[in-house]
Amino acid sequence: MATVTGVGVTIGLRSRLKSKTPTVSSSPFIGRKLEIRISTKFVAGKKTVSVVRAGGDVLDLVHHLFVGVGVGLPCTVMECGDIIYRSTLPKSNGLTITAPGVVLALGAISYLWATPGVAPGFWDMFVLAFVERLFRPTYRKDDFVLGKKLGEGSFGVVYRVSLAKKPGSKESDLVLKKASEYGAVEIWMNERVRRACASSCADFVYGFLENSSRKKGEYWLIWRFEGEATLADLMLSKDFPYNVEAMILGEVQDLPKGLERENKIIQTVLRQLLFALDGLHSTGIVHRDIKPQNIIFSEGSRTFKIIDLGAAADLRVGINYIPKEFLLDPRYAAPEQYIMSTQTPSAPSAPVATALSPVLWQMNLPDRFDIYSAGLIFLQMAFPSLRTDSSLIQFNRQLKRCGYDLAEWRKTVEPRAGSELRRGFELLDLDGGIGWELLTSMVRYKARQRTSAKAALAHPYFDREGLLALSFMQNLRLQLFRATQQDYSEAAKWVINLMAKSGTKKDGGFTESQLQELREVEPKKKASAQRNALASALRLQRKIVKTLNESMDQLNRRRKSLWWSRWIPREE
Ligand SMILES: Nc1ncnc2c1ncn2[C@@H]1O[C@H](COP(=O)(O)OP(=O)(O)OP(=O)(O)O)[C@@H](O)[C@H]1O
């Protein structure tokens with residue numbers, strides 16, 4: 001006899017029951033057969049009875065208990081099967097790995113980790129930010145003693161300050177920015193950077209809303225004092241780039257003064273700038289105001305770091321905000337002005353924006369805006385005559401006239417170039433023109449054709465041995481880099497022309513008239529009253545959608561500004 005009590009099982013065996021299959025008598029197995037095979041052996045004249053298989057062990061019974069109380073078709077709540085016809089036996093509950101499953105899992109992981117990083121974003125926001133808040137030191141207005149004024153921009157005043165409690169100590173050497181309402185965005189960006197890529201930007205200490213002043217409310221942002229000089233200050237010296245040599249390399253190079261030595265210093269500065277940009281871009285932040293004035297030399301780490309994140313956009317959570325009064329610096333701004341297509345509606349909320357961020361990033365490649373500005377800085381480092389504001393503005397005009405084609409610009413200016421300009425071309429032409437190639441891949445009209453910071457860092461320009469000493473793999477990488485820089489719209493035109501030349505009905509290619517049809521996406525039709533009415537209706541519809549989108553944007557923007565503010569500490 002077999003009895004089931006609760007989840008435990010007690011089986012009493014009597015030899016007379018050995019041919020029978022006992023039935024479970026207690027709930028939930030009422031009437032369910034419990035297979036028990038019993039073997040009887042005679043060893044030394046003694047009869048021994050043993051259970052060979054008891055229709056599943058105790059674990060099975062526990063499992064059956066839970067499955068048995070479920071609701072559903074008999075074979076979904078009870079695992080039916082036959083020990084003889086093994087294929088009908090229930091399948092193992094273990095994880096079964098299949099090829100489509102692996103592909104799907106890899107796809108999901110790649111999506112979640114693709115720039116700007118959905119998964120790291122959630123980790124950052126819900127774990128790192130939270131933990132940081134618990135442990136970081138907090139400051140109040142009275143903790144600081146104001147020192148020298150360092151600068152004054154459109155949205156704030158910057159002072160050198162020290163801590164009231166420890167005046168004179170190294171760790172109290174700080175910089176304070178008193179910013180207007182837009183300081184909230186800057187605090188957000190600096191905190192994000194501190195957690196994701198601290199070495200890219202000036203070391204941020206703390207930011208809070210200071211309510212006690214007569215004004216509406218002022219954001220106070222505190223950084224460690226990085227150093228006295230920005231790249232702009234250093235570039236204005238006649239001695240550039242030699243004046244930065246010892247600062248970044250620690251010692252003066254054992255090389256005679258000349259193009260080679262200058263090239264090495266410029267390479268190092270550019271590499272440090274691209275490294276900082278790569279850190280920002282990998283975490284989904286686009287700076288939008290990259291210029292020599294916003295690149296500070298950090299005396300502590302002997303590297304150039306980025307400052308002033310007031311105009312930055314965080315595309316991981318959809319903060320793409322520029323106050324109306326803010327003008328991107330036209331001297332260094334890329335021709336597109338906007339980092340996201342104007343067709344992209346602003347994301348509805350932070351979680352949705354985060355989930356969609358890899359798609360939007362790939363569609364717009366917003367990081368290439370900063371790359372254009374970094375390219376102009378590279379150009380200024382190579383050409384001393386382009387370092388002043390007026391000469392840069394003039395260069396921008398010339399480049400615009402050449403359709404933002406640097407090769408075209410070179411063709412127009414080189415024949416009548418002065419010695420300074422010619423020297424710049426010579427510097428970029430070193431090592432088979434590898435510097436010029438990198439520069440032209442950064443300064444391009446179309447954002448999609450510009451290189452990324454990561455790809456630029458892998459460019460052979462930064463290999464010490466130069467182009468001639470490239471290994472097979474480096475050469476392959478260079479070819480790949482060049483292939484990704486091609487303008488594929490030109491290639492499409494070329495294919496169409498080729499088809500036109502070879503196309504005859506006899507040869508089976510396209511004829512000119514067929515190609516004409518291919519080129520014209522919409523065949524021209526004669527206007528009719530019906531068509532005009534339809535066109536007007538469509539125009540009206542487009543206008544309504546645009547107005548709706550704009551109002552949604554406004555609402556979102558307002559909601560988002562509240563959303564940032566929640567993260568900013570307030571001084572009580
Ligand atoms: N961490 C720092 N260490 C040393 N100096 C700094 C630091 N941060 C800012 N500065 C100095 O303060 C100046 C102004 O800083 P910042 O560009 O952030 O202010 P801003 O008000 O946005 O100015 P602008 O609008 O002109 O860009 C910088 O040019 C630099 O000289």
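Figure 1. Aspartate 431 counts as buried because 20 other C-beta atoms lie within 10 Å, and a residue is buried if 20 or more do so. The structure shown is a predicted model. Aspartate 431 is part of helix H14, which comprises residues 430-442. Although it is not a glycine, aspartate 431 has a positive phi of about 55°. Most residues other than glycine have a negative phi.

**Figure 2. Tyrosine 404 in the loop between helices H11 and H12.** Helix H11 covers residues 389-401 and helix H12 covers residues 406-413, with tyrosine 404 in the loop between them. Tyrosine 404 is likewise not a glycine, and its phi is positive, about 55°.

Figure 3. Proline 116 is located in the loop between H3 and helix H4 (118-135). Most peptide bonds are trans.

**Figure 4. The shell of residues around the ligand.** The ligand has 20 residues around it, of which Gly151, Gly153, Ala202, Glu226 and Asp308 come nearest. Grouped by class, the shell contains 8 nonpolar, 9 polar and 3 charged residues. At least two residues of the shell are supplied by each of strand E5 (144-152), strand E6 (156-163) and strand E7 (174-179).

**Figure 5. Pairing of strands E5, E6 and E7.** Strands E5 and E6 form a hairpin, with 3 residues between them. Their pairing is antiparallel and extends over 6 bridges. In this pair, leucine 146 stands opposite valine 161 of E6. Strand E6 also pairs with E7, in the antiparallel sense and over 6 bridges. Tyrosine 159 stands opposite leucine 176 of E7. In a regular strand the side chains alternate between the two faces of the sheet.

**Figure 6. The largest nonpolar core and the contacts of valine 193.** This core has 80 residues, of which Val193, Leu273, Ala374, Phe378 and Met442 touch the most other members. Helix H10 (residues 368-382) contributes the largest share of the core, namely 10 residues. When residues up to four places away in sequence are not counted, valine 193 touches Ala198, Ser200, Cys201, Phe204, Leu280, Ile285 and Leu309.

**Figure 7. Glycine 101 in helix H3.** Glycine 101 belongs to helix H3, which spans residues 99-113. This glycine counts as exposed because it has 11 C-beta neighbours inside 10 Å, the limit for that class being 12 or fewer. Between the C-alpha atoms of glycine 101 and alanine 198 the separation is 37 Å, and these two residues are 97 residues apart along the chain. Alanine 198 is one of the residues touched by valine 193.

**Figure 8. Overview of the chain for orientation of the close-up views.** The chain has 572 residues, and 26% of them count as buried. Its secondary structure comes to 19 helices and 13 strands. Among contacts between residues at least 6 apart in sequence, 61% join residues at least 24 apart.

Key
Residues are numbered from 1 along each chain as its sequence is written. This is a predicted model: local features need pLDDT of at least 70, side-chain atom pairs count only at pLDDT 80 or more; totals for chains, interfaces and linings use all residues. A residue is near a molecule or strand if its C-beta atom, placed from the backbone, lies within 6 Å of it. Helices (H or I, at least four residues) and strands (E, at least two) are DSSP runs, numbered from the N terminus. Ala, Val, Leu, Ile, Met, Phe, Trp, Tyr, Cys and Pro count as nonpolar, Asp, Glu, Lys and Arg as charged, and the others, Gly among them, as polar. Two residues are in contact if their C-beta atoms, placed from the backbone, lie within 7 Å. Two strands pair if DSSP finds at least two bridges between them. A nonpolar core is a set of buried Ala, Val, Leu, Ile, Met, Phe, Trp, Tyr and Cys residues joined through C-beta atoms within 7 Å.
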